[in-house]
Structures are given as structure tokens and as C-alpha cells.
Protein chains: 2
Amino acid sequence: MSTLSQTLSATERTRLRRHAERGKTSRADLLAVLDAGMICHLGVVVNGTHLDGLVCARSVFSHSVNYRCAVVFGTARIVTDQDERLAGLRAVTEQLIPGRWDAVRAPTRKELAATSVLALPLTEASVKVRTGPPGDEPEDLELPVWAGVVPMAVSFGEPEPDPALRPGTVTPDHIRLRSGRAGAGRSS
Amino acid sequence: MSTLSQTLSATERTRLRRHAERGKTSRADLLAVLDAGMICHLGVVVNGTHLDGLVCARSVFSHSVNYRCAVVFGTARIVTDQDERLAGLRAVTEQLIPGRWDAVRAPTRKELAATSVLALPLTEASVKVRTGPPGDEPEDLELPVWAGVVPMAVSFGEPEPDPALRPGTVTPDHIRLRSGRAGAGRSS
């Protein structure tokens with residue numbers, strides 16, 4: 001059985017208490033939320049929230065946001081195996097800029113010694129997602145107020161070359177793809 | 001003296017231990033970071049981080065991100081004064097969509113009773129900001145690798161009207177301004 005089809009079993013810590021109907025229970029849902037993130041907030045819990053839209057209702061009380069979030073509980077371990085450490089660093093780099101790892105100078109032994117890699121098992125987690133239009137009370141639907149969703153997303157801008165860049169250095173495909181800029185170009 | 005010119009005095013909890021040169025020490029810097037956010041993560045500490053750019057260096061080790069973040073310590077109090085409660089709810093709403101509060105139905109007494117408003121004084125806080133190009137080691141500067149910054153920002157898309165919207169309802173200015181769409185338009 002693929003791990004993607006596994007179900008997240010609620011524990012006392014991950015059982016959703018508010019808006020439980022927004023909960024997602026498959027491991028695939030969990031990985032989708034985590035994969036969509038560029039950073040997560042690591043505190044007593046890991047807490048990463050993506051905002052997808054501002055949900056504008058007719059009453060101020062019913063305003064909401066569309067979001068995807070995951071809360072993962074667990075104790076992180078320090079990764080010591082060298083191959084696993086490199087795989088972890090590559091995964092973090094590729095999550096931010098796909099294709100970057102193979103384009104740059106690999107870490108030296110000294111740089112690796114100065115870097116800690118932590119691993120956290122995704123065994124105890126909850127996922128919560130809100131999508132769709134506002135949920136106004138029936139008696140508010142006739143109010144003359146615009147209601148709907150203003151979608152939100154992270155966007156990437158035109159790459160800004162390092163002033164110290166060697167003249168004539170071409171902007172590589174993986175940078176143009178990340179910034180959403182089509183066509184070839186030179187940054188000098 | 002304006003509070004904006006006040007300095008954040010470091011405490012044992014807010015003293016920056018890593019990359020202290022990225023610290024900002026004025027109250028105006030703190031308010032600027034908090035004002036820029038749509039959400040913050042409330043945990044054992046309040047932790048809000050804005051990503052402004054992916055900093056691409058020639059070595060994988062020197063990759064970084066441009067960011068603005070603030071950490072605020074303190075004990076929140078429950079706001080009980082009715083005017084202060086309304087002012088707080090208005091501020092949260094206007095932070096997300098300027099102009100929305102006056103366009104929608106105000107909260108009823110019952111809705112207000114179902115809402116808690118918390119206040120947290122900004123008296124113990126640290127601010128950290130990174131801007132600018134990558135900081136490669138001198139010996140890496142001649143490598144034939146593109147380096148620079150891919151800027152990031154939150155962008156807002158075309159408003160999506162509620163399917164239950166009364167036909168002919170005009171998309172108001174405050175919604176078009178939030179979504180960055182110029183010109184008048186009807187959403188029906």
C-alpha cells in the first residue's frame with residue numbers, strides 16, 4: 001500500500017476541535033500542504049499556514065480566509081548519516097529553487113560540519129483546509145454588499161543579479177522558471 | 001517624543017544571538033514588520049516572518065532569504081471594554097482589506113459575545129531584517145554561477161464573486177484596490 005493512501009489517525013493532540021469539517025485525513029493531504037511551503041515555523045510545534053484567499057462576507061463576523069495548514073507533533077532527531085544529511089540539504093534547496101543544487105558549488109566538509117540537519121517524522125499530524133465562498137447567515141444574503149473571495153498567492157519577480165556577477169553571466173533556466181519569466185535573457 | 005523614535009531595549013529573551021547585525025532597534029521598524037503581515041503565528045511566542053526574496057549564492061552553503069521578522073514576548077490580556085473591542089476588530093479587518101469595515105454589516109451583540117479580543121503590548125520585542133545580494137566567500141566570486149535575488153511578494157488575484165451574489169452587484173472600490181485591479185467593473 002502506498003503511504004499516500006494512508007490515513008492520519010487523530011490523537012488527543014491532533015484531534016481538531018474547531019471547524020473539524022475542514023480537516024483532511026489522508027497522508028497525501030499532509031504532504032501537499034508541507035510541499036507547498038517555503039518556510040515553516042518551528043516552535044513547540046511545527047506550524048505552517050498558507051493563505052490562499054481573503055473570504056469577504058456580507059457581515060464582518062462571517063469574514064474568513066481560505067488556507068491550508070498542517071500541525072506536526074514530534075521530537076526531531078539530529079541526522080548524522082552523511083548521505084542522509086546531503087539528501088536533506090538537497091531537498092530543502094530544491095524546494096526553494098528546483099534545479100539549484102546541481103548548478104552551484106557543493107558544500108565543503110567544513111561547511112557541512114557547521115550545518116545541522118534535523119528530521120521530524122510525520123507520524124502525528126493534523127491538516128486543515130478551507131476553500132470556497134463565504135458562509136453568510138441566510139438572513140444576510142439579501143444585503144446589498146459585495147461578497148466573494150480575493151485570491152492570494154506568492155509571486156516571484158524579475159531576478160536581480162548580484163552586482164558582483166561576472167559580466168555576461170546568463171540567467172539560467174532554473175532561475176527564470178522560478179521567477180516565472182519566459183524566454184532567454186542575459187543579466188549583466 | 002514620538003513612540004516611533006523609541007528604541008527597543010534588548011532583554012535576555014530578545015537579544016539576537018545569530019546574525020545580530022540584521023537586528024533593527026527602533027519601534028518604527030517593529031511596527032513596520034507587524035503592519036506588513038496578514039497573519040502571525042501565535043504560540044509560546046508570537047512569530048511572524050515575511051519572505052521578501054530568495055538569495056541565490058554561488059555556493060549552496062551561502063544561500064539565504066531576504067526577510068523581515070519580529071518576535072514579541074508578553075502575556076496577552078482579554079479586552080473587555082466594548083469600544084476597545086470594536087476598535088481591535090476594526091483594525092484586524094482593515095489590515096486585511098482597507099475600507100471593508102464600513103462596507104459590511106456590523107457585528108451584532110450576539111456575535112460580539114462570541115468573539116474574544118486579545119491585546120499584547122509591544123514592550124519586549126526583537127526585529128530582524130535581511131536585504132540585498134548574496135554574501136559569497138571571496139574565493140567563490142569567480143565561479144561561473146549565476147547569483148542574485150529572486151524577489152518574492154504576496155499577490156492578489158481577480159476577485160471571485162460569491163455564486164449567491166445578487167445579480168448586478170458592483171465590485172466596490174475597496175475590493176478592486178485590494179486585488180490590484182484598476183478600472184470599474186461589474187461582477188454578476
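**Two chains, one predicted model**

Me: This is a predicted model. Which residues of chain A have a pLDDT under 50 yet 19 contacts beyond four places in sequence?
Reply: The model does give this stretch 19 contacts beyond four places in sequence. Where pLDDT is low, the predicted coordinates should not be read in detail.

Me: Over which other residues of chain A is the pLDDT below 50?
Reply: This stretch has twelve contacts in the model beyond near neighbours in sequence. The stretch is residues 184-188 of chain A.

Me: Where in chain A is confidence highest, by element?
Reply: Chain A averages a pLDDT of 83, and 87% of its residues score at least 70. Strand S2 (residues 41-42) of chain A is lowest, at a mean of 56. The highest value, 96, belongs to S9(A).

Me: How many helices and strands does chain A have?
Reply: Along the sequence the pattern is β-α-β-β-β-β-α-α-β-β-β-β-α. That comes to four helices and nine strands.

Me: What share of the residues of chain A count as buried?
Reply: A residue counts as buried if 20 or more other C-beta atoms lie within 10 Å of its own. Chain A has 188 residues. The buried share is 22%.

Me: How are the two copies related?
Reply: Superposing chain A on chain B takes a rotation of 180 degrees, with 0.0 Å of shift along the axis. The RMSD is 0.0 Å. The copies are thus related as by a two-fold rotation axis.

Me: Which residue of chain A comes closest to the rotation axis?
Reply: The distance is taken at the C-alpha, and it is 2.3 Å. The residue is Val154(A).

Me: Which element gives the most residues to the side of chain A that touches chain B?
Reply: The contact takes 58 residues from chain A and 58 residues from chain B. Elements giving two or more residues on the chain A side include strand S3 (46-56), helix H2 (82-96) and helix H4 (173-178). The top contributor gives nine residues, and it is S8(A).

Me: How do the residues on that side of chain A divide by type?
Reply: Eight are charged and 13 are polar. The nonpolar residues number 37.

Me: Why do the copies meet through the same surface?
Reply: The interface residues of chain A can be checked against those of chain B. The copies meet through the same surface because the share that are also interface residues in chain B is 100%.

Me: How many bridges join S8(A) to strand S8 (residues 148-156) of chain B?
Reply: The two strands run antiparallel. Within this pairing, Ser155(A) stands opposite Ala153(B). The number of bridges is five.

Me: Which residue of S9(B) is the bridge partner of Gly148(A)?
Reply: S8(A) is joined to strand S9 (residues 160-161) of chain B by two bridges, running antiparallel. S9(A) and S8(B) also pair in the antiparallel sense over two bridges. There, Pro161(A) stands opposite Gly148(B). For Gly148(A), the partner is Pro161(B).

Me: Is His63(B) buried or exposed?
Reply: His63(B) is found in the loop between strand S3 (46-56) and strand S4 (64-73) of chain B. The cut-off for a buried residue is 20 or more other C-beta atoms within 10 Å. His63(B) has 21, so it is buried.

Me: Which residue of chain A does His63(B) touch?
Reply: Residues up to four places away in sequence are not counted. Within chain B, His63(B) touches Val55(B), Cys56(B) and Ala57(B). From chain A, His63(B) touches Thr93(A).

Methods:
Residues are numbered from 1 along each chain as its sequence is written. Chains are lettered from A and ligands numbered from 1 in the order in which they are written. This is a predicted model: local features need pLDDT of at least 70, side-chain atom pairs count only at pLDDT 80 or more; totals for chains, interfaces and linings use all residues. Two residues are in contact if their C-beta atoms, placed from the backbone, lie within 7 Å. Ala, Val, Leu, Ile, Met, Phe, Trp, Tyr, Cys and Pro count as nonpolar, Asp, Glu, Lys and Arg as charged, and the others, Gly among them, as polar. Two strands pair if DSSP finds at least two bridges between them. A residue is buried if 20 or more other C-beta atoms lie within 10 Å of its own, exposed if 12 or fewer, and partly exposed in between; C-beta atoms are placed from the backbone. Copies are superposed by least squares on the C-alpha atoms of residues with pLDDT of at least 70 in both. pLDDT is the predictor's confidence in each residue, from 0 to 100.
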